[in-house]
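Student: I am new to this structure. Please take me closely through one part of it.

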Amino acid sequence: MSTAGQVIRCKAAVAWEAGKPLSIEEVEVAPPQKHEVRLKILFTSLCHTDVYFWEAKGQQPLFPRIFGHEAGGVVESVGEGVTELRPGDHVLPVFTGECKECAHCKSEESNMCDLLRINTDRGTMINDGQSRFSKDGKPIYHFVGTSTFSEYTVCHVGSVAKINPAAPLDKVCVLSCGICTGFGATVNVAKPKKGSSIAIFGLGAVGLAAAEGARVSGCSRIIGVDLNASRFEEAKKFGVNEFVNPKDHNKPVQEVIAEMTNGGVDRSVECTGSIQAMISAFECVHDGWGLAVLVGVPNKDDAFKTHPMNFLNERTLKGTFYGNYKPRTDLPGVVEMYMNKGLEVDKFITHSVPFAEINKAFDLMLSGQSIRCIIRMEN
Ligand code: NAD
Ligand code: ZN
């Protein structure tokens with residue numbers, strides 16, 4: 001029996017308050033409106049961005065909210081005007097969308113869609129400013145247009161990439177955020193040359209994906225920087241071949257790296273969210289040609305401070321969301337790269353839990369044990 005056009009009652013993990021364990025509740029999910037689709041989520045995973053906004057320490061609090069933005073699922077029904085997707089399509093929702101019509105979407109260089117670019121403060125749909133989730137008639141806010149910690153969710157069609165139905169959703173779901181973000185930051189933005197050196201700040205999933213990009217690009221020195229030494233062993237599997245723990249030195253880590261590399265690395269990619277690491281990542285690149293790429297999401301009051309001479313000396317600073325990938329245009333190709341074994345994804349998945357135990361995924365991430373923990377919606 002088709003559920004199209006009807007309210008669906010299903011389970012969702014609701015965050016009622018900042019930092020409090022999620023609670024699995026029965027919620028109502030309204031049908032998709034114009035240019036929206038309703039998805040049945042099959043697998044989702046936890047990314048640190050969910051944790052930051054759930055903790056809401058350095059971020060705007062907005063509760064109750066359904067988090068989750070790394071996921072794979074199937075289209076359940078489509079709203080008015082949706083022609084590119086149909087029920088049954090296999091899809092990955094993405095936190096930053098692609099309308100295909102604005103100047104950014106038409107530019108080869110940008111993925112910063114005017115209509116659907118990441119907006120962490122908005123908790124409603126852009127069509128009518130309302131939420132599609134409710135419990136006992138009270139709205140529950142969305143998160144970055146995806147809210148995948150729910151058996152069903154509603155997304156704008158521009159935030160949903162249709163992928164090869166043969167791709168295993170329990171694996172490729174991690175491409176919907178972290179892995180593409182780090183991999184793309186290296187291959188699309190840092191663009192290191194074969195045989196060059198690169199420093200990766202932060203060896204979580206995003207940083208390890210940046211390292212995977214460096215490995216695929218043929219970098220010879222891949223220097224991993226992390227405050228947590230327990231990440232180093234794992235990082236060897238991702239091609240990281242030198243390690244620096246800022247805690248082991250009594251001078252700034254950028255100076256340590258400059259000494260190791262005869263003046264600085266050719267490229268750096270920052271994947272921590274720490275403002276200090278962002279500054280170090282910029283200041284550790286070689287003058288004349290060095291390029292640093294910021295990926296970590298800063299706290300709302302952070303400010304980047306460096307001496308302007310660092311720029312005059314021909315260092316470049318860039319930043320990127322989602323590794324500069326356009327979700328609808330590029331993500332299907334990244335999935336194909338995985339299918340053709342050009343990109344390794346399975347090694348990022350260290351844990352898996354059923355939906356009922358979603359809070360365990362938070363514990364595993366907060367204690368630094370997991371790279372990616374898959375949350376299985378159905379069993
Ligand atoms: P994670 O917590 O798994 O990994 C972060 C790592 O950084 C940890 O190992 C931690 O020990 C290390 N770290 C923290 N502060 C450090 C410092 N000062 N110096 C060195 N290492 C430090 O997180 P993740 O899921 O890999 O995400 C990394 C960052 O990327 C987060 O800020 C996340 O919000 C952000 N992110 C950005 C995008 C984007 O499109 N730009 C997308 C996804 C995630
Ligand atoms: Zn656009």
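**A pocket and a zinc site**

The second largest pocket holds about 220 Å³ of space. A pocket here is an open set of points on a 1 Å grid over the protein atoms alone, with protein on both sides within 12 Å along at least five of seven lines. Grid points are joined across faces, edges and corners, and a volume is the space filled by probe spheres set on the points. This is a predicted model, where local features need pLDDT of at least 70, side-chain atom pairs count only at pLDDT 80 or more, and totals for chains, interfaces and linings use all residues. Residues are numbered from 1 along each chain as its sequence is written, ligands are numbered from 1 in the order in which they are written, and side-chain values use heavy atoms, without hydrogens and water.

The second largest pocket has 14 lining residues (an atom within 4 Å of a point). Nearest its centre lie H35, C99, E101, V157 and R328.

C99 is also a zinc donor. Its SG, with those of C102, C105 and C113, lies 2.3 to 2.4 Å from the zinc ion (ligand 2). Donors are N, O and S atoms within 2.8 Å of the metal (3.2 Å for Na, K and Ca). The 4 donor atoms subtend angles of 103 to 120°, so the arrangement is tetrahedral; that term requires all angles between 85 and 135 degrees. In sequence, the donor residues follow the spacing C-x2-C-x2-C-x7-C. Both C102 and C113 are buried, meaning under 20% relative accessible area (1.4 Å probe, protein chains only).

Notes:
On a 1 Å grid over the protein atoms alone, a cavity is a set of points where a 1.4 Å probe fits but cannot get out, and a pocket is an open set with protein on both sides within 12 Å along at least five of seven lines; lining residues have an atom within 4 Å of a point. Four donors count as tetrahedral if all angles lie between 85 and 135 degrees; four count as square planar and six as octahedral if opposite donors are over 155 degrees apart and all others between 65 and 115; anything else is irregular. Buried means under 20% relative accessible area, exposed over 50%, partly exposed in between (1.4 Å probe, protein chains only).
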